[in-house]
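Hello,

Here is the structure I said I would pass on. My notes follow below it.

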Amino acid sequence: MIRRSRTHRLTAGLAAAGLVLTTLGAATANAAPATDTSSAAAPGPLMNYVVNSKASPGHVRKVEQAVTAAGGIVLQSYSQLGVVVAQSTNPDFRTAVRAGRYGREVQSVGATRTAAVSEGPAASGLKSLGVVEAAPVPDPREGEQWDMTQIKADQAHAVTDGSRKVLVGINDSGVDDAHPDLAPNFDKANSVSCVDNGVPDQTDGAWRPTTSSHGTHVAGTVAAARNGIGIVGVAPGVRIASVKVVNDDGFIYPEYAICGFVWAAQHHMDVTNHSYFIDPFEFWCKDNGDQGAVQEAVRRAVDYATHRGVLSVAAAGNSNYDLANKTTDSNSPNDTTPVTRTINNDCLDMPTELPGVITVASTDQGGARSSFSNFGLNKIDVAAPGRRILSTLPNNNYGLSSGTSMASPHVAGVAALMKSVHPWWGPRQLEAALRAQADDVACPTTPDARCTGTTANNSFFGEGNADALDAVQR
């Protein structure tokens, strides 16, 4: 979602998948290969791939050997998913990885991008992942937060600000952990960067933003502290961790996102927010070789996270597109040259359309659907404020931003409050409760043929607007 030329890339990418920037306000395992096929062709561009197999250590080890035999290196292996992320300059890698002794172990293989790897060759091969309430006191700019009033977060805070035991992952462009409204709730030990070929990097500060304020803004909406400074988040008492999945050019490639989901699962996060779509395709099509393999790999990562107790919340996207009736895509691939193509409903906006992910649409201050927000019957789960949202920015600043990127963290915050008062609830229970507690919103009184369904569940608002007060009173 976030990519392109420095300014154009960032603005266009965010607009397509989660952010429309409005105002920046100041204020303050290694065996010798049985068959060497790597010399079959002259070197090509450096590319990354996902190679899918059965989900077991034995099968994954064999696929790792197949990768090596095909002239590649293993960047990251997920035996629990049956996914290997590999890198190679062999232009025939897809064929070669299936041709050797262990090629039969490969279920599917796909390139993760259409452009050459921008971060350069990997430095090494296989790496593994390690595996009493105070009365609310208004913060200075809390009165400007109409969004918190709309979802009744201000009333919910009279019940709870959230539990310190709850950890929310901000899977985004990085979080400024020095911001005075974020520092009290920031969890450095569980923060990471995934933007070096999808290999986890916990170097001090690797999780911080470099070219984008997006993740810091999202973080403030979830959990800006109640500390007498600036604003207050939906769940100001919970902890947040930065899971950086956006590179300096604004791209979120599949290996970055997969790393983020698995990291969140293995570090016991309760909720994660994903205000992006995975590049370079706005829609990943199941019947395309590369795209189908990537779609399966990411689906496995989300499923793994869900089964490990993580509820994933994601932005619906900002293309004013009917996700339930897909026809064409003219914006992909966004890391090389886009081409107009025919698509269908098996082509998915990821991660928001994957099973187990809460899809959030955007509303404005008047409660109407934001004009940029994607929609779709039985595609949107709930809605939340996403236009001109005041939140934190790097370097002790605050600003207004718009997009489904801004709506999604409201719902992540509500889920964090739910988890605080119902700590035994898992993702499925949280998902069901988010739907049940949402306030029904009818289609517009002025007829709009795109709004289909009922007041209880329609294409614009899903089950309705998120309700923080109901969330803590259930």
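Helix 9 covers residues 404–421, which is 18 residues, and spans 26 Å from its first C-alpha to its last, close to the 26 Å expected at 1.5 Å a residue. Please keep in mind that this is a predicted model. Helix 9 is mostly covered, with 17 of its 18 residues buried.

One of the partners of helix 9 is helix 6 (residues 214–223): the two pack at an angle of about 35°, and their axes are 8 Å apart. The crossing is right-handed. On the helix 6 side the contact is made by His214, His217, Val218, Thr221 and Val222, and on the helix 9 side by Ser405, Met406, Pro409, His410, Ala412 and Gly413. Sorted by class, this contact has 5 nonpolar and 6 polar residues, and no charged ones.

Val271 lies in strand 10 (residues 271–274). Val271 and Gly309 are 38 residues apart in sequence, with 8.4 Å between their C-alpha atoms.

A separate item is Asn334, in the loop between strand 13 (328–329) and strand 14 (341–342). Asn334 counts as buried because its relative accessibility is 4%, under the 20% cut-off. The side chain of Asn334 makes a polar contact of 2.6 Å with the side chain of Asp279.

Regards

Note on methods:
Residues are numbered from 1 along each chain as its sequence is written. This is a predicted model: local features need pLDDT of at least 70, side-chain atom pairs count only at pLDDT 80 or more; totals for chains, interfaces and linings use all residues. Side-chain values use heavy atoms; hydrogens and water are left out. Helices (H or I, at least four residues) and strands (E, at least two) are DSSP runs, numbered from the N terminus. Buried means under 20% relative accessible area, exposed over 50%, partly exposed in between (1.4 Å probe, protein chains only). A polar contact is a pair of N or O atoms within 3.5 Å; within protein, one must be able to donate a hydrogen and the other to accept it, and residues adjacent in sequence count only if both atoms are side-chain atoms. The expected span of a helix is 1.5 Å times one less than its number of residues. Axes are lines fitted to C-alpha atoms, for helices over the stretch in contact, and angles run from 0 to 180 degrees between N-to-C directions. A crossing is left-handed if the near helix is turned anticlockwise from the far one by less than a right angle, and right-handed if clockwise. Contact means heavy atoms within 4.5 Å. Ala, Val, Leu, Ile, Met, Phe, Trp, Tyr, Cys and Pro count as nonpolar, Asp, Glu, Lys and Arg as charged, and the others, Gly among them, as polar.
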